[in-house]
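This report looks at charged pairs and at a surface patch. The sequence and model come first.

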Amino acid sequence: MYNIDERLVLGTCYYPEHWDSCRWSTDLQMMKDAGISVLRIMDLAWAIMEPEDGKFDFSLFDNFLDLADSYGFEYIFCTPTEASPVWLREKHPDAVSTGRDGLALGARGYHCHNSEFFRFYSERIVSEMAKHFKNRKNVIGWQLDNEIKGVDCYCGTCEKKFRDWLKQRYKTIDRLNTEWG
């Protein structure tokens, strides 16, 4: 088992984007006093880091990390793909998963994982985060997504990919019918 340095590490998630920056010092001191040494951040902040398509702004997190560094915290950075920005959903509705009824599922995390647009924009935000924060000290890990789960999607792309998978796996309708009973 891998152990960073033989100490007990206590961490929590923190959302600096939900608080006025004048509150951060109080929260950081309270967390430090409680023995917390690791903060997991950024998992729902895609719209803050990319408020418009291709326009990146990491200043909120730069400011927060500068302050949190002075308290000696370490960080787990999260990819923010659980909560895509509204502009992405409006520009590419097929990035959102589709229910059996053909309607878009609007809840957080319900993305079509086969959507070329969702994959493109997810890769781009994560790459931009990595480039921007690459020299940050005290980053001890990255969390991929926030709530990894299967998301049923019934859009045309998913239907085609499922049919292609069936053809590759079973070769013929007769074989599929035999194996599926």
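A residue is called buried under 20% relative accessible area, exposed over 50% and partly exposed in between (1.4 Å probe, protein chains only). The model is a predicted one, in which local features need pLDDT of at least 70 and side-chain atom pairs count only at pLDDT 80 or more, whereas totals for chains, interfaces and linings use all residues. Residues are numbered from 1 along each chain as its sequence is written, and side-chain values use heavy atoms, with hydrogens and water left out.

The structure holds 13 salt bridges, a salt bridge being a side-chain nitrogen of Lys or Arg within 4 Å of a carboxyl oxygen of Asp or Glu. Among them are these:

| Pair | Closest N and O atoms |
|---|---|
| R124 and E50 | 2.3 Å |
| R136 and D69 | 3.0 Å |

R136, in the loop between α5 and β4 (139–143), and D69, in helix α3, lie 67 residues apart, so that this pair links distant parts of the chain; helices (H or I, at least four residues) and strands (E, at least two) are DSSP runs, numbered from the N terminus. D69 is partly exposed, with a relative accessible area of 26%, while E50 counts as buried at 0%.

K131 and E128 also meet in a salt bridge (3.1 Å, N to O), and because they are three residues apart in helix α5, about one helical turn separates them. K131 counts as exposed at 51% relative accessibility, and E128 as partly exposed at 22%. Salt bridges that share partners join E50, D53, K91 and R124 into one network.
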